[in-house]
Amino acid sequence: MNDAASLDSQSGADLLLFMEDVSVSFDGFKAINNLNFYVNDGELRCVIGPNGAGKSTMMDIITGKTRPDKGVVTFASDINLLELDEPEIALAGIGRKFQKPTVFEALTVFQNLELAVAGDRSPFALWRHGLNPEQRDSIEEVASTVALTDQMDSLAKILSHGQKQWLEIAMLLVQQPRLLLIDEPVAGMTHQEMERTGQLLTDLAGKHTVVVVEHDMEFVRSLNTRVTVLHQGSVLAEGSMASVQNNREVIQVYLGE
Ligand SMILES: Nc1ncnc2c1ncn2[C@@H]1O[C@H](COP(=O)(O)OP(=O)(O)OP(=O)(O)O)[C@@H](O)[C@H]1O
Ligand SMILES: [Mg+2]
């Protein structure tokens with residue numbers, strides 16, 4: 001078991017994300033139900049759970065896309081995320097990757113990263129003033145992190161599915177987020193791409209805090225992190241993959257599907 005899996009995530013003073021007693025209903029259906037979720041600074045955490053468990057809705061709440069009916073959501077000890085809108089939350093240091101890659105297919109890898117580094121600045125300002133040396137270095141460093149240095153001048157549309165996912169992660173990284181939320185990164189990837197993604201996420205932990213939602217149990221096991229099992233909008237179990245897999249309620253939920 002590695003350190004991340006053995007940490008008591010509720011005890012440390014180094015909590016980065018704090019969610020307590022959070023609920024949200026859609027037409028009377030409680031998608032998130034008194035959820036408590038805590039993530040330490042620098043941690044890599046996996047979130048699993050059956051379809052409809054509320055995993056993506058939880059990410060929607062953290063990023064301000066969905067407002068909870070009640071509860072507390074705090075980031076970096078004193079930032080009340082419920083008072084911020086989506087762009088403000090992104091600026092506060094939270095980046096999110098949706099399941100489907102949304103890179104600009106007709107632009108090169110470099111151009112995609114250039115747009116991402118510009119952030120809220122308009123593309124027009126970017127093209128007029130160009131990148132500063134710091135931004136240029138950051139693009140090169142991030143491209144190397146996701147193994148796309150050799151594809152810098154390739155159009156995004158010729159990248160493999162896995163490479164597109166990495167490009168999208170890179171587009172988040174150039175914004176230097178403290179917290180990265182990544183929804184189902186390995187869906188549709190080859191075995192080799194999955195292995196490289198696992199390595200990438202492991203490397204990002206420490207420098208960033210990473211929350212990964214994933215259905216692929218083999219992949220989650222390989223990450224060897226603390227795992228949170230969501231079910232009907234609440235945490236059903238939390239701990240190492242081995243411990244949650246032996247949890248009776250977790251077994252019932254997965255076998256009962
Ligand atoms: N904006 C919304 N309006 C109405 N219902 C919603 C909305 N967002 C989510 N839901 C419902 O909330 C429940 C939780 O959905 P959510 O997408 O969070 O599940 P999930 O755990 O991400 O599932 P999956 O593994 O299939 O991605 C589902 O029943 C879904 O239909
Ligand atoms: Mg989902």
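The model is predicted, so to speak of local features takes pLDDT of at least 70 and side-chain atom pairs count only at pLDDT 80 or more, while totals for chains, interfaces and linings use all residues. Residues are numbered from 1 along each chain as written, chains are lettered from A and ligands numbered from 1 in written order, and side-chain values use heavy atoms, leaving out hydrogens and water.

Ligand 1 has 13 residues around it, the closest being N51, G52, K55, T57 and H215; a residue belongs here if one of its heavy atoms lies within 4 Å. Helix α2 (55–62) and strand β2 (29–40) each supply at least two residues of this shell, and α2 gives the most, with three. (Helices, H or I of at least four residues, and strands, E of at least two, are DSSP runs numbered from the N terminus.) Polar backbone atoms also meet oxygen atoms of ligand 1: A53 at 3.1 Å, G54 at 2.9 Å and S56 at 2.9 Å. Such polar contacts pair N or O atoms within 3.5 Å. The protein covers 61% of the 640 Å² of accessible area that ligand 1 has on its own (Shrake-Rupley method, 1.4 Å probe).

Elsewhere, a search of the whole structure turns up eight salt bridges, each a side-chain nitrogen of Lys or Arg within 4 Å of a carboxyl oxygen of Asp or Glu. One of them joins R45 to E238, with the closest N and O atoms 3.1 Å apart. This pair links distant parts of the chain, strands β3 (residues 44–48) and β10 (residues 234–240), 193 residues apart.

On the surface, E134, D137, E140 and E141 gather in a patch of negative charge (residues with over 30% relative accessible area and no salt bridge, like charges joined within 9 Å). Of these, D137 lies in helix α6 (residues 133–145).

Technical notes:
Patch = residues over 30% accessible without salt bridge, like charges linked within 9 Å, V, L, I, M, F, W, Y side chains within 5 Å. Lys, Arg positive; Asp, Glu negative; His and termini not counted. Charge placed at Lys NZ, Arg CZ, Asp CG, Glu CD. Polar contact = N/O pair within 3.5 Å; in protein donor to acceptor, adjacent residues only side chain to side chain.
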